[in-house]
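Q: I have a model open and want to go through how its parts pack. Can you take my questions one at a time?
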Amino acid sequence: MTEWLSLPDLADVLGVSIKDVHRLLDERSLVEYRIGERKVRSVPAGFVQDGHVVDSLKGTITVLVDSGFSNEELITWLFTPDESLPGTPIEALRAGRKTEIRRRAQALAW
């Protein structure tokens, strides 16, 4: 599906402390998922762009969570190809197309 970053690796990529990574998770600027046999807390690498969290990700996560999505479901939705975009919702967010993606995310609640 996607490349993953463990929380310590994410801290390195962002140039912040692990405490700051936990704060980003608490604020829902990012979401994590436990992967692998050891169930390591990880974040999709696609959530990071140019050493920063994708700008429009937090608001999109909020819309999806408010629509009842679990972390696993929203990560799956963000990384699933959509022919009408084209590409994936996370690629559209990375390209600055947040309005379109949030509109689609809001429609999922209905």
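Q: How are helix 1 and helix 2 oriented to each other, roughly parallel or roughly perpendicular?
A: Helix 1 and helix 2 are roughly perpendicular to each other. Angles of 65 to 115 degrees count as roughly perpendicular, under 35 as roughly parallel, over 145 as roughly antiparallel, and the rest as oblique. Helices (H or I, at least four residues) and strands (E, at least two) are DSSP runs, numbered from the N terminus.

Q: At what angle do the axes cross?
A: The axes of helix 1 and helix 2 cross at roughly 100 degrees and come within 9 Å. Axes are lines fitted to C-alpha atoms, for helices over the stretch in contact, and angles run from 0 to 180 degrees between N-to-C directions.

Q: Is this an experimental structure or a predicted one?
A: This is a predicted model, where local features need pLDDT of at least 70, side-chain atom pairs count only at pLDDT 80 or more, and totals for chains, interfaces and linings use all residues. Residues are numbered from 1 along each chain as its sequence is written, and side-chain values use heavy atoms, leaving out hydrogens and water.

Q: Back to the helices. Which residues meet?
A: From helix 1, L7, P8, L10, A11 and L14 meet I18, V21, H22, L24 and L25 of helix 2. Contact means heavy atoms within 4.5 Å.

Q: Which residues of helix 2 are buried?
A: V21, L24 and L25 are buried in helix 2, residues 18–26. Buried means under 20% relative accessible area, exposed over 50%, partly exposed in between (1.4 Å probe, protein chains only).

Q: Why are they on the same side?
A: They cover an arc of only 100 degrees around the axis, which puts them on the same side of helix 2. The arc is that of the directions from the helix axis to the C-beta atoms.

Q: What about the other side?
A: K19 and D26 are exposed there, on the other side of helix 2.

Q: What do the buried ones pack against?
A: The buried residues of helix 2 pack against helix 1 (7–14), strand 3 (40–44) and strand 5 (52–53).

Q: New topic: what is the strand order in the sheet?
A: Three strands form an open sheet in the order 1-3-2, with antiparallel pairing. Two strands pair if DSSP finds at least two bridges between them.

Q: Which strands stand at the edges?
A: Strand 1 (4–6) and strand 2 (33–35) do, each with a single partner strand, so one side of each has no neighbour in the sheet.

Q: Which residue is the bridge partner of S6?
A: S42 in strand 3 is the bridge partner of S6.
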